[in-house]
Amino acid sequence: MKLTPYEESVLNGSHGRLVQVALENIIRYADVLGATELCEVTKATVFCGAHHYLNFCNTDNFHELFTKMNLGKDEIITFNQTYPNCYTQSCVSPCDQFSFDSLHQSKKYFDKNTSYLEECRKAGVTIAGSCAPYLTGWLPVKGEHFVTTESGVTAIGNSLWGAMGNSDGIEAAFWSSICGRTPLWGNHIEENRKATHHVVVEANIDHLIEWDLLGKAVGMKLPSSSIPVVDGHFKSVNFTKLAQFFTTISMSSNCELCHVSGITPEARDVSDAFKGSPTHGDWVVTNKDLQYAYDLMCDEGAQSVDFVSLGCPHYNIDLIKKAAEYVEGKKINPNVHFMIWTVYPIKAMADLNGYTRIIEEAGGKIYTSSCPTTVGNIFLDHYSGFVFDSYKQARSVKSDTDKPVFYGDMKTCIDVAVSGRWEVENRWKR
Amino acid sequence: MEKIIIKGRGVIKGVAEGEALVCPNSIAGWGGIDPATGIIKEPLNINKGKSIKDTILVMSGSKGSNGWSCYFGAARAAGSAPKGWIFTNIDSSSGVASSIMQIPTVVNFDDSQNPCQLIENGDWVKIDGDTGIVEITKKQYKEKI
């Protein structure tokens, strides 16, 4: 491993045990990948909070838990610093910023989560609580090396911004945010970012749900570790649609970089995306593929529902505005828990603009800092029929429950929240 | 029955052997497995309902959420980890998971030696994380060993 003087000094312990162990782990990770040097990371998102997977380590001592689960060491190392040149903010936690009763959580658990967040804040993490860190200004630029705990953000960062990041994982994101290094491997190397597969989109793609379904339709056919260039005549493309697409393609494959011909910066056209390298496979995505992707996710039948959730990834202010406009004057069925998920500063904007009031008067609620699957079964187990406007959230909740899970666009979800029933006619059809 | 021998790159040292569980389309991250039991929960996974515990887990690579490695790390903490694992091609998420799990790991095979094609559920597989050698005994013969 080729190391800089700074990295050598970290390894010999000059910067303390925490940074030393973080870098040792990064070097082991680099060895596994086959990387021979490291690069400096200047943007990170990390996974803070009392997440359920941490319960398998029998301690409530945050630093002991952190050391065992995130650093892989059987000692207690205090997590008390992050790399000064790396802006680090938190991804979702398992709690809303303020509410716990309505999510069926105890005050004790909520307080534990808050205390874990506070320890991370003291270490230098800005508490944001979002899977959509771009909503709060976390925006790595072209060529900037980043790490993130959100797979969709990996794909957005690489594909749309031309920044450089791998999927890594929750532990490695902490290692990088602490020591400021990640293996110089994969998407961190310009040469590795060429397209490998050409996907011609013949399906009609315009509305948000169609971009969501396109992500699944492409992702489910992608060979492991491939880089597609998606090529189609797309209407009115915007960031929200692309973010939904990248979120779903990364959920349904291990895709970290997906060029969109004529739209993303490393693919002015298909030829630019390949940069002279050969294609390893070409295929066409049709309307039939979108319908197949939809039918895989949305359960059959009609029944009453009691859980309708919007916002995965977290809604931006424009989507909240559109939801408020559509729900205004309607009444959510009293048996339905209707919710929108976003990040705290966007909720503040919704408050300021009156959207929160409209949604609450209809009988809904805006939550922040988490999402249904991250809150988990303590919340989900109270309900018997689920509706989502996101493929990723629907798929995640389907892993958590054997109850019916339905999936539709925002307006369909709101209509269902009002009626309290999912009907066969609500299914998306091409 | 002669053993089938294939060779990849050994990346986490040590030797492990056990029954293979083969996931050619990997296992989804974040909620794809129940760490307490190792049972695969992913709705569309061909091995849904089977446990990764004490197996030699064979996968193409990772899939889905960046919360991929932490679920395997939690399975390790709960005593439900596989004995060793094989990735047809290493990627960043499986790289982090391997670094955390510290179980014998062999990765990166030639196209002609794709472990997801050569190994089936129930085959007896021995992996050497030092040399990268993988020995496969097909299940119809393993009872005779």
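This is a predicted model: local features need pLDDT of at least 70, side-chain atom pairs count only at pLDDT 80 or more; totals for chains, interfaces and linings use all residues.

Q: Got it. How many residues from chain A and chain B take part in the contact?
A: Chain A brings 42 residues to the contact, and chain B brings 38 residues.

Q: And what area is buried between chain A and chain B?
A: About 3000 Å² is buried between the two chains, and carbon and sulfur atoms give 61% of that area.

Q: Why talk about area at all?
A: The size of an interface is often given as the accessible area lost when the parts come together.

Q: OK! How many salt bridges are there between chain A and chain B?
A: The count is one salt bridge between chain A and chain B. Its partners are the side chains of A:Asp400 and B:Lys41, with an N to O distance of 3.7 Å.

Q: Which elements of chain A give two or more residues to the side that touches chain B?
A: They are the helices α2 (17-33), α3 (62-71), α5 (151-159), α6 (170-179), α8 (239-251), α14 (372-375) and α16 (391-400) of chain A. The largest share, five residues, comes from α2(A).

Q: How do the residues on that side divide into nonpolar, polar and charged?
A: On the side of chain A that touches chain B, 13 are nonpolar, 20 are polar and nine are charged.

Q: New topic: how many salt bridges does the structure hold over all chains?
A: Over all chains, the structure holds 27 salt bridges. One of them joins the side chains of A:Arg17 and A:Glu75, at 2.7 Å from N to O.

Q: Where do A:Arg17 and A:Glu75 sit in the chain?
A: A:Arg17 is in helix α2 of chain A, while A:Glu75 is in the loop between α3 and β3 (87-90) of chain A. The pair links distant parts of the chain, 58 residues apart.

Q: Are those two buried, exposed or something in between, and what are the values?
A: In between: A:Arg17 is partly exposed at 36% relative accessible area, and A:Glu75 is partly exposed at 29%.

Q: Which residue forms a salt bridge with A:Glu210?
A: That is A:Arg430, and the closest N and O atoms are 2.6 Å apart. A:Glu210 lies in helix α7 (residues 208-219) of chain A, and A:Arg430 lies in the segment after β16 (421-422) of chain A, 220 residues apart.

Q: Why does A:Glu210 count as buried?
A: Because its relative accessible area is 6%, and buried means under 20%.

Q: Last topic: where does A:Thr374 lie?
A: A:Thr374 lies in helix α14 of chain A.

Q: Is A:Thr374 buried or exposed?
A: A:Thr374 counts as buried, at 4% relative accessibility.

Q: What is A:Thr374 in contact with, leaving aside its neighbours within four places in sequence?
A: With those neighbours left aside, A:Thr374 is in contact with A:His51, A:His52, A:Val92, A:Ser93, A:Pro94 and B:Trp30.

Key. Residues are numbered from 1 along each chain as its sequence is written. Chains are lettered from A and ligands numbered from 1 in the order in which they are written. Side-chain values use heavy atoms; hydrogens and water are left out. Contact means heavy atoms within 4.5 Å. Buried area is the accessible area (1.4 Å probe) that two parts lose on being put together, summed over both. A salt bridge is a side-chain nitrogen of Lys or Arg within 4 Å of a carboxyl oxygen of Asp or Glu. Helices (H or I, at least four residues) and strands (E, at least two) are DSSP runs, numbered from the N terminus. Ala, Val, Leu, Ile, Met, Phe, Trp, Tyr, Cys and Pro count as nonpolar, Asp, Glu, Lys and Arg as charged, and the others, Gly among them, as polar. Buried means under 20% relative accessible area, exposed over 50%, partly exposed in between (1.4 Å probe, protein chains only).
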